[in-house]
Amino acid sequence: MTTFAELNLAPDILAAIRDVGYEQPSPIQEQTIPLLLEGRDVMGQAQTGSGKTAAFGLPLLQYVDPSENEVQALVLTPTRELCIQVTQALRAYGARKGVDVVAVFGGAPIRSQQAQLRAGGQVVVGTVGRVKDLISRHSLMLHAARFVVLDEADEMLDLGFLEDVEKILALTPGSRQTALFSATMPGEIRRLAEQYLLDPVTVKVKNPTLTVDTVEQFGLEAKGPEKVEALVKILESERPEQAIVFVRTKIRCEQLFRTLRDKGMDVRALHGDMTQGARDGVMISFKSGRLPVLVATDVAARGLDISGVTHVINYDVPTSPDVYVHRIGRTGRVGRSGRAITMYESRQKRDMEAIERHTGVAMAPWAPGAHVAALPVTPKPRRHSKPHVPADGDGRVVKLIAAGGRAEGIEPRDVIQAITAATGLDGEAVRNVRVLERFAFLEVPEAELDRVLEHANGADVRGHELRLELARG
Ligand code: AMP
């Protein structure tokens, strides 16, 4: 097994890799890094989640001279979200070396980006439109950009940016080194590569469904009007650390977000009709792990790497098997496992079969507690889960709702402690505690209900009075 040190990376880059905690190169990194360090042009077929950012980012940063205040490397991305994500990664990888990475993307004030460019910046990561704009304002000079990366080129193509990409490439030195990454390689992308890459080496991650292999996949048939309830059931039963719920359109995204919010869930929406500021806010709280559930459209969530995502829920069946792979690629990141649940209506069975043929993996029917045994998956410990123990007596449990939640700093163990201390019950009698923003759900054996209501009501939880009620339904 290759180590990062064997890839000829410089000590300051290796130290940064240690800082971010990568132990060994992913396959795309192992193949790409030596080629780029040799100066070859590379065409990489890899999805988000493969580790492609470090595959091009580490050699790029190794090239850059931090004492020279010129733009020495340019990374073009199709979307602002990817732009921000790549910038954050490159900043981390280049931190030890002191490389200045500037992000330029639309929807944010151009002036502050101009100021950052004036202040220096050896690496620019930008969306196509904003890069073009800054060039035309003479704020961005590319004559010294010896290293150019086109990230997610197929997305640029889909978004109609190819012509602009070519214009930008024409302004960079002919002697530059170019790397192109794309999840798929349609004809237009191959032509672009033929024209702008010099004798490129093609690098593929062996199995294009690699990310999919680490994801347990389920399907759940639900009629349109029953979908919300089915989703709530999934969320309650799966208790994801972080979930992305994908919907087909911006309007459905907004509607579903409101419905879930009105049910008291800690959820936000991400779609293209939101202002840039609102989108950034959502992204920041999701990436930091504070936000457990994100309802998103495909475009808004394109290419996002959210390493904490344990669940992808397709509220709407993806429009194509490729979109499916893209969506579920947000979970089961390098070396981790995830769960993907796709809801479908009976008339969409054919779409589901097409997806299964594409991935080569059959989706098991989802049911509460369902696991797929056949896949090589090690389920991650869930942060909020309690071991399941048989219920007392006739096994019936009742669900309670408690006022007070995350907003009050309450965690599941606080609720359990408060109740066990007040009632003398065993900790395992209090189950399935799920803390939301302003309240918490929990279950207790029906046989103990009176005792819990009588003794635990009014108990102290982190300075708040515990108030319990029977949950409806
Ligand atoms: P990317 O495909 O570049 O978006 O990377 C996907 C995720 O994998 C990111 O969260 C990276 O931080 C992480 N990652 C990249 N390379 C490695 C590695 N060699 N070991 C562990 N995690 C990695």
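Modeller: Two strands pair if DSSP finds at least two bridges between them. This is a predicted model, where local features need pLDDT of at least 70 and side-chain atom pairs pLDDT 80 or more, while totals for chains, interfaces and linings use all residues. Residues count from 1 along each chain as its sequence is written, and side-chain values use heavy atoms, leaving out hydrogens and water.

Biologist: What do strand 16 and strand 17 form?

Modeller: A hairpin, with three residues between the two strands. Strand 16 (residues 431–435) runs antiparallel to strand 17 over three bridges. The cut-off is at least two, so they count as a pair.

Biologist: Which strand pairs with strand 17 over seven bridges?

Modeller: That's strand 15 (residues 397–403), again antiparallel. Alanine 403 has phenylalanine 439 as its bridge partner in strand 17.

Biologist: And what makes strand 17 (residues 439–445) count as mostly covered?

Modeller: Buried means under 20% relative accessible area (exposed is over 50%, partly exposed in between, with a 1.4 Å probe and protein chains only). Seven of the seven residues in strand 17 are buried. Both faces are covered, with Phe439, Phe441, Glu443 and Pro445 on one side and Ala440, Leu442 and Val444 on the other.

Biologist: What is the strand order in the four-strand open sheet?

Modeller: 16-17-15-20, paired antiparallel. Strand 16 and strand 20 (468–470) are the edges: each has a single partner strand, so one side of each has no neighbour in the sheet. Neighbouring strands here are turned by 25° against each other on average, ignoring direction. Strand 20 is held to strand 15 by three bridges, including the one between leucine 400 and leucine 470.

Biologist: How do you know which strands helix 16 touches?

Modeller: By contact, meaning heavy atoms within 4.5 Å. Helix 16 (residues 412–423) packs on the sheet and touches strand 16 and strand 17, with its direction at about 125° to strand 16. For angles, axes are lines fitted to C-alpha atoms (for helices, over the stretch in contact), and values run from 0 to 180 degrees between N-to-C directions.

Biologist: Now the seven-strand open sheet: what is its order?

Modeller: 10-11-9-12-13-8-14, with parallel pairing. Strand 10 (267–270) and strand 14 (364–365) are its edge strands, each pairing on one side only. Inside, strand 9 (243–247) and strand 11 (293–297) share five parallel bridges. Five against a cut-off of at least two, so that's a pair too. Phenylalanine 246 stands opposite alanine 296 there. Helix 13 (residues 276–287) packs on this sheet against strand 9, strand 10 and strand 11, at about 130° to the direction of strand 10.

Biologist: Where is arginine 330, and is that residue buried or exposed?

Modeller: Arginine 330 sits in the loop between helix 14 (321–328) and strand 13. Its relative accessibility is 3%, so arginine 330 counts as buried.

Biologist: Which residues of helix 6 (128–136) are buried?

Modeller: Val128, Arg130, Val131, Leu134 and Ile135. These pack against several elements, among them strand 2 (73–77), helix 5 (110–118) and helix 8 (162–170). Just past helix 6, histidine 138 has a positive phi of about 60°.
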